Amino acid sequence: ARRRTLAREVADPYAIDFLEDVRLPGGARRLIGGHWAARRKAEKAQLAAEVATRRALQALRDLSINLKDASDLLGIPSAKLQKISRKG
């Protein structure tokens, strides 16, 4: 019997998405679910923190406070403050 590969059957193999069927014990599955829930929560919190930082930085700039002093007040390195301020 001749074996056929998927790559020979599909013109563009990168156009196909595969879903792996991985079966895990309930405890491991719950831990992985908890991991992803925590990551989504952390990402949302990070975005909220960046918004709050941009607003606080703008308020400090409106008071003519320089970036180094704003960095000290906010407890964030100047380079990171510059990066965050450019996103908004």
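Helix 2 and helix 4 are roughly perpendicular to each other (an angle of 65 to 115 degrees; under 35 is roughly parallel, over 145 roughly antiparallel, the rest oblique). Their axes come within 9 Å and cross at roughly 100°. Axes here are lines fitted to C-alpha atoms, over the stretch in contact for helices, with angles from 0 to 180 degrees between N-to-C directions.

This is a predicted model, in which local features need pLDDT of at least 70 and side-chain atom pairs count only at pLDDT 80 or more, while totals for chains, interfaces and linings use all residues. Residues are numbered from 1 along each chain as its sequence is written, and side-chain values use heavy atoms, with hydrogens and water left out.

**Overall layout**

The protein chain has 4 helices and 0 strands. Both are DSSP runs, numbered from the N terminus: helices are H or I with at least four residues, strands E with at least two. Along the sequence the pattern reads α-α-α-α. Of the 88 residues in the protein chain, 10% are buried (under 20% relative accessible area, with exposed over 50% and partly exposed in between; 1.4 Å probe, protein chains only). The protein chain exposes about 7800 Å², and carbon and sulfur atoms supply 56% of that area. Accessible areas come from the Shrake-Rupley method with a 1.4 Å probe. Take the contacts (heavy atoms within 4.5 Å) between residues at least 6 apart in sequence: 32% join residues at least 24 apart.

Helix 3 contributes L67, K68, A70, S71 and L74, and helix 4 contributes S78, L81 and Q82. In the other crossing, E50, T53, R54, L57 and R61 of helix 2 meet L81, I84, S85 and K87 of helix 4.

The table sorts both contacts by class.

**Core**

The largest nonpolar core has 5 residues: L57, L60, A70, I76 and L81. Such a core is a set of buried Ala, Val, Leu, Ile, Met, Phe, Trp, Tyr and Cys residues joined through side-chain atoms within 4.5 Å. Leaving aside neighbours within four places in sequence, I76 is in contact with T53, S71 and L81.

**Individual residues**

E50 lies in helix 2 (residues 26-62). Its relative accessibility is 12%, so E50 counts as buried. Beyond residues up to four places away in sequence, E50 touches I84 and K87.

S78 belongs to helix 4. At 26% relative accessibility, S78 counts as partly exposed. S78 touches L67, K68 and S71, again not counting residues up to four places away in sequence. S78 and L67 are 11 residues apart in sequence; their C-alpha atoms are 6.4 Å apart in space.

S64 sits in the loop between helix 2 and helix 3. Phi of S64 is near 65°, a positive value in a residue other than glycine. S64 has 67% relative accessibility and therefore counts as exposed.
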